[in-house]
Amino acid sequence: RQSADPSPELKRVGNSSKTVEVGDDIELEVSKTGLKESQIKWTIGNTNLLRFEDGDNYGSEVELEAKRTGTTTVTVQNLHTGGKLVYTVKIVPDYDD
């Protein structure tokens with residue numbers, strides 16, 4: 001017997017590793033099936049390195065600002081199933097000087 005709704009799932013959009021310069025913004029995104037925006041939560045491994053640009057950490061995409069150099073993870077969780085995807089973000093010095 002087939003259910004009407006597909007199983008709620010997240011899929012990564014783009015690479016699992018990203019590089020960003022200090023002071024720049026980065027956007028991470030997932031595609032979602034059968035999930036509301038409020039059922040998708042993002043967390044930052046090291047908040048000394050990255051912060052949520054608008055303070056919002058729910059939904060299929062998130063904007064982050066790089067605060068200082070280093071490497072951290074950003075995890076997105078499907079609150080319906082508990083499934084997770086992990087991104088690795090490397091923050092490098094700003095080379096524009």
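How far apart are the mean positions of the positive and negative charges of the protein? The 12 positive and 17 negative charges have mean positions that are 11 Å apart. Lys and Arg count here as positive and Asp and Glu as negative, whereas His and the chain ends are not counted. Each charge is placed at NZ of Lys, CZ of Arg, CG of Asp or CD of Glu.

This is a predicted model, in which local features need pLDDT of at least 70 and side-chain atom pairs count only at pLDDT 80 or more, while totals for chains, interfaces and linings use all residues. Residues are numbered from 1 along each chain as its sequence is written, and side-chain values use heavy atoms, with hydrogens and water left out.

**Figure 1. The protein as a whole, with 0 helices and 8 strands.** Helices (H or I, at least four residues) and strands (E, at least two) are DSSP runs, numbered from the N terminus. The order of the elements from the N terminus is β-β-β-β-β-β-β-β. Along the principal axes, the C-alpha atoms fill a box of roughly 60 × 25 × 20 Å. Of the 97 residues in the protein, 31% are buried; buried means under 20% relative accessible area, exposed over 50%, and partly exposed in between, with a 1.4 Å probe and protein chains only. Of the contacts (heavy atoms within 4.5 Å) with a separation of 6 or more, 53% come from residues 24 or more positions apart. The protein exposes about 5,900 Å², of which carbon and sulfur atoms supply 40%. These accessible areas come from the Shrake-Rupley method with a 1.4 Å probe.

**Figure 2. Val74 in strand β7.** Strand β7 covers residues 70–78. Val74 counts as buried because its relative accessible area is 0%. Beyond its neighbours within four places in sequence, Val74 is in contact with several residues, including Leu28, Trp42, Leu50, Leu64 and Tyr87. Thr88 is 14 residues from Val74 in sequence, and their C-alpha atoms are 6.3 Å apart.

**Figure 3. Asn57 in the loop between β5 and β6.** When residues up to four places away in sequence are not counted, Asn57 touches Ile40, Lys41, Trp42 and Phe52.

**Figure 4. Lys84 in strand β8.** Strand β8 comprises residues 84–92. Lys84 is classed as exposed because its relative accessible area is 55%. Apart from residues up to four places away in sequence, Lys84 touches Thr75, Val76 and Gln77. Lys11 lies 73 residues from Lys84 along the chain, and a distance of 9.8 Å separates their C-alpha atoms.

**Figure 5. Glu27 in strand β3.** Strand β3 is formed by residues 25–33. With a relative accessible area of 36%, Glu27 is therefore partly exposed. Glu27 touches Glu61, Val62 and Glu63, again not counting residues up to four places away in sequence. The C-alpha atoms of Glu27 and Val86 are 14 Å apart in space, and these residues are 59 apart in sequence.

**Figure 6. Arg12 and the ring of Tyr87.** The charged end of Arg12 sits over this ring, 4.8 Å from its centre. A charge sits over a ring if NZ of Lys or CZ of Arg is within 6 Å of the ring centre and within 35 degrees of the ring normal.
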